[in-house]
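Here's a quick briefing to read alongside the structure. Have a look at the chain first, then come back for the notes.

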Amino acid sequence: MIDDARTRESGPDATGPDVTGSTAAGPDASATGSTGSPRTRSTAQRAGAALGRAVGSAFVGGRAAIRRNPKADRVYRTGVGVVGGATVALGVVLIPLPGPGALIALGGLGILGSEFEGAKKVNVRATRVVGKATATAKKVAARRRTAREARAEREAGATDAPATTAD
């Protein structure tokens, strides 16, 4: 972590009001108010940011500690496998029903992919296939909408034209 005077004076752990964008990383354009001046962060925002950093570093450190202990690593990986596998199974069961069954199955693959390389590869491939299918479905829907609008215009033009009769 960078330890300079600007970070200590206005960082999220300081006791005074924190001005977003005044850390050593430089100003953040999205952290300015409508007048262009930096907005101050509330105590709750500063506490939330500090808690988020603490949880994030504990999670990374916790996982490293789990990796060092073979028994804990086995238990952790088994738990991830059970939860991820159950989520995939639930998603597969829900696929024929209305609702997000395929998304639940992909979420389960994502859980499994956090620990297992094979599941990560399957998840990447499945996500790519879903993306292509979604793009194709959007193209088909756009074509149908365009055809429907063109048909409606033709029908509207046909009813406006005077009818000719053969005498």
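Which helix does Asn-123 lie in? That would be helix α5, which covers residues 117-160. Keep in mind that this is a predicted model, with a chain-average pLDDT of 77.

**Confidence**
- Of the residues, 71% score at least 70 in pLDDT.
- Going element by element, helix α3 (residues 70-94) has the highest mean pLDDT, at 93, while helix α1 (residues 5-10) has the lowest, at 42.
- Across residues 1-34 the pLDDT is below 50, although this stretch still has 44 contacts in the model beyond near neighbours in sequence.

**Overall layout**
- You're looking at five helices and two strands, and from the N terminus on they run α-β-β-α-α-α-α.
- The chain has 167 residues, and buried ones make up 14% of them.
- Take the contacts between residues at least 6 apart in sequence: 32% of them join residues at least 24 apart.

**The annotated stretch**
- The UniProt record (an unreviewed entry) puts a "transmembrane region" at residues 75-95.
- In the model, residues 75-95 come out as 95% helix and 0% strand, and the end C-alpha atoms of the stretch sit 30 Å apart.

**Helix α4**
- Helix α4 takes in residues 101-113, and at 1.5 Å a residue its 13 residues should span 18 Å. Its end C-alpha atoms are 18 Å apart, so the model agrees with that expectation.
- The buried residues of α4 are Gly-101, Ala-105, Leu-106, Gly-108, Leu-109, Leu-112 and Gly-113.
- Looking down the axis of α4, you'll find those buried residues within an arc of 155 degrees, so they line one face of the helix.
- As background, an α-helix has 3.6 residues a turn, so residues three or four places apart point the same way.

**Back to Asn-123**
- Is Asn-123 buried or exposed? Asn-123 counts as buried because its relative accessible area is 18%, and the cut-off for buried is under 20%.
- Which residues does Asn-123 touch once its neighbours within four places in sequence are set aside? The contacts are Leu-106, Leu-109 and Gly-110.

Note on methods: Residues numbered from 1 in each chain as written. Predicted model: local features only at pLDDT ≥ 70, side-chain atom pairs only at ≥ 80, totals over all residues. Heavy atoms only, no water. Helix = DSSP H or I, 4+ residues; strand = E, 2+ residues; numbered from the N terminus. Buried < 20%, exposed > 50% of the residue type's maximum accessible area, 1.4 Å probe, protein only. Contact = heavy atoms within 4.5 Å. pLDDT = per-residue confidence, 0-100. Expected span 1.5 Å × (residues − 1). Arc of directions from axis to C-beta. UniProt positions renumbered as here; feature names shortened; annotations may be inferred.
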